[in-house]
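I opened my notebook to look through one chain, step by step. Here is what I looked at.

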Amino acid sequence: IADDPVLAAKQPDKKPDPVDSGVQITREVNSKDERLSWVRAYQGGECFFARAVSVGEAKTSIEGIGANAEAFVRLEKDFKKRFGFEPQIEVRKIVNTQCGIATFLSGIAQETLPEMRMGLDNDKIKSNERLKGTLTGLSKPNVVLYLVDNEGTIHQFDRLLKRKDQEGSFGIKLVELKTRSPLPQLVLALSSDNPVKAAALR
């Protein structure tokens with residue numbers, strides 16, 4: 001029967017139905033939203049904060065702060081088990097006296113990608129050198145900057161922020177004793193449509 005030209009013409013090879021592009025895009029969006037929600041809800045234990053900063057079709061970048069690096073190793077394994085690929089994770093180690101910042105950030109985190117990004121010229125600063133950095137994505141009118149030292153003391157220094165449109169730069173001189181070992185200090189930027197009360201961080 002297959003050699004019959006008439007039947008052959010009536011029985012073409014069956015091709016898979018084309019995938020509706022709208023359905024495919026919806027699935028991709030749902031997958032991205034699911035990953036954002038998953039990272040937001042992940043429980044890494046005490047002194048732990050993580051958030052997704054970029055999400056692609058088969059790529060997710062996560063940044064976090066915490067006192068225990070093992071918590072982020074577990075995060076990586078759990079994420080891969082759930083979604084089938086390893087995320088890119090950037091971790092900033094903090095000390096126990098700075099753990100309140102992780103708790104604070106966990107309480108205000110949202111299931112959306114951040115608009116504001118910070119970059120530092122150098123993350124290793126010697127005594128009497130200036131800590132310099134930039135901010136991009138400043139779409140909100142209110143921005144505050146905090147330096148949290150190794151003792152957990154919070155210093156607000158957004159008065160030093162030089163802002164132009166949706167970008168800004170800052171510089172602050174760090175005074176440390178030359179005999180001290182390197183100490184972890186944390187720079188935190190918050191933006192909001194409404195004024196940010198400094199007391200909310202303490």
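My entries follow, from the overall fold down to single residues.

**Ground rules**

I am working with a predicted model, where local features need pLDDT of at least 70, side-chain atom pairs count only at pLDDT 80 or more, and totals for chains, interfaces and linings use all residues. Residues are numbered from 1 along each chain as its sequence is written, and side-chain values use heavy atoms, with hydrogens and water left out.

**Entry 1: the fold**

I looked up the secondary structure and found 4 helices and 10 strands. Helices (H or I, at least four residues) and strands (E, at least two) are DSSP runs, numbered from the N terminus. Reading along the sequence, I noted the pattern α-α-β-β-α-β-α-β-β-β-β-β-β-β.

Next I checked burial. Buried means under 20% relative accessible area, exposed means over 50%, and partly exposed is in between (1.4 Å probe, protein chains only). The chain has 202 residues, and 30% of them count as buried.

**Entry 2: aromatic rings**

I then turned to the rings. Rings of Phe, Tyr and Trp (its six-membered ring) pair if their centres lie within 6.5 Å; planes under 30 degrees apart count as stacked, over 60 as edge-to-face and the rest as tilted. How many aromatic pairs does this rule give? The count is 8 aromatic pairs.

One of them joins Y42 and F48, a tilted pair with 6.0 Å centre to centre and 50° between the planes. Both Y42 and F48 are buried. I also looked at F79 and F85: their ring centres are 5.4 Å apart and their planes are at 80°, so this pair is edge-to-face. F79 and F85 are both buried. I marked one aromatic cluster, formed by W38, Y42, F48, F72, F79, F83 and F85.

**Entry 3: salt bridges**

Side chains of opposite charge can pair when their charged atoms come close. The rule I used: a salt bridge is a side-chain nitrogen of Lys or Arg within 4 Å of a carboxyl oxygen of Asp or Glu. The structure holds 6 salt bridges.

I started with R82 and E34, whose closest N and O atoms are 1.9 Å apart. This pair links distant parts of the chain, with R82 in helix α3 (residues 69-83) and E34 in helix α2 (residues 21-41), 48 residues apart. R82 is partly exposed at 42% relative accessible area, and E34 is partly exposed at 34%.

Then I went to E63 and R51, a salt bridge with its closest N and O atoms 2.6 Å apart. E63 lies in strand β2 (residues 59-66) and R51 in strand β1 (residues 48-56), so the pair ties together parts that are 12 residues apart in sequence. Is E63 buried or exposed? E63 counts as buried, because its relative accessibility is 14%. R51 is partly exposed, with a relative accessible area of 29%.

R92 counts as partly exposed at 36%, and E90 is partly exposed at 45%. Salt bridges that share partners join R51, E63, E90 and R92 into one network.

**Entry 4: backbone angles**

Which value of phi does C47 have? I found phi of C47 near 55°, a positive value in a residue other than glycine. C47 is in the loop between α2 and β1, and it counts as buried because its relative accessibility is 12%.

I also noted D165, which has a positive phi of about 55° although it is not a glycine. D165 sits in the loop between β8 (162-164) and β9. D165 is exposed, with a relative accessible area of 65%.

**Entry 5: G107**

Where is G107? I found G107 in helix α4 (residues 99-108). G107 is exposed, because its relative accessible area is 59%.
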